[in-house]
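This report walks through one protein structure, moving from the whole chain to its strands, its helices and the charged side chains. Please keep the sequence and the model in view while reading.

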Amino acid sequence: MRELVVDLGARSYPIRIGPGLLTTVGEHLRERGVGPERTLFVVTDEHVGPLHLERVRRALEGAG
């Protein structure tokens, strides 16, 4: 896995790139302190959604 940081000062955030990350997205968010009390939005389109959205949804639900 490779991680890049978008440097926005106090609003900086990492972008992780690598194989298998869609199935572990919930675990990665939990590591960053994002818990079940937060509302998340997944932004996709008609091309990417049908390929990956269900896998991401399952990963998020599995992580709580």
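## Surface and overall shape

The protein exposes about 5300 Å², and carbon and sulfur atoms supply 56% of that area; accessible areas here come from the Shrake-Rupley method with a 1.4 Å probe, and for residues only the protein chains shown count as cover. The model is predicted, so that local features need a pLDDT of at least 70 and side-chain atom pairs count only at pLDDT 80 or more, whereas totals for chains, interfaces and linings use all residues. Residues are numbered from 1 along each chain as its sequence is written, and side-chain values use heavy atoms, with hydrogens and water left out.

Taken along the principal axes, the C-alpha atoms fill a box of roughly 35 × 25 × 20 Å. Of the 64 residues in the protein, 12% are buried, where buried means under 20% relative accessible area, exposed means over 50%, and partly exposed lies in between (1.4 Å probe, protein chains only). Among the contacts with a separation of 6 or more, 38% are between residues 24 or more positions apart, a contact being heavy atoms within 4.5 Å.

## The order of helices and strands

The secondary structure comes to two helices and two strands, and along the sequence these follow the pattern β-β-α-α. Helices (H or I, at least four residues) and strands (E, at least two) are DSSP runs, numbered from the N terminus.

## The paired strands

Strand E1, residues 2–6, runs antiparallel to E2 and is joined to E2 by five bridges; two strands pair if DSSP finds at least two bridges between them. Within this pairing, Arg2 stands opposite Ile17 in E2, while Val6 stands opposite Tyr13 in E2. The hairpin of E1 and E2 has six residues between the strands, and in this hairpin Gly9 takes a positive phi near 65°.

Which residues make the nonpolar surface patch of about 420 Å²? The patch is made by Leu4, Leu8, Tyr13, Ile15 and Ile17, and strand E2, residues 13–17, gives the most to it, with three residues. Patches are made of residues with over 30% relative accessible area and no salt bridge, with like charges joined within 9 Å and nonpolar side chains (Val, Leu, Ile, Met, Phe, Trp, Tyr) joined within 5 Å.

Ile15, one of the patch residues, has its place in strand E2. Ile15 counts as partly exposed because its relative accessible area is 36%.

Is His28 buried or exposed? His28 counts as buried because its relative accessibility is 17%. Not counting residues up to four places away in sequence, His28 touches Met1, Arg16 and Leu21.

Side chains of opposite charge can pair when their charged atoms come close. A search of the whole structure finds five salt bridges, each being a side-chain nitrogen of Lys or Arg within 4 Å of a carboxyl oxygen of Asp or Glu. Glu54, Arg57, Arg58 and Glu61 are linked in a network of salt bridges.

Glu54 forms a salt bridge with Arg57, with the closest N and O atoms 2.2 Å apart, and these two residues lie three residues apart in helix H2 (residues 49–62), about one turn of the helix. Glu54 also forms a salt bridge with Arg58, where the closest N and O atoms are 3.7 Å apart, and this pair lies four residues apart in helix H2, again about one turn. In the salt bridge of Glu61 with Arg57 the closest N and O atoms are 2.6 Å apart; Glu61 and Arg57 are separated by about one helical turn because they are four residues apart in helix H2.

As for accessibility, Glu54 is partly exposed at 40%, Arg57 is partly exposed at 35%, and Arg58 is partly exposed at 49%. Glu61, by contrast, is exposed, with a relative accessible area of 54%.
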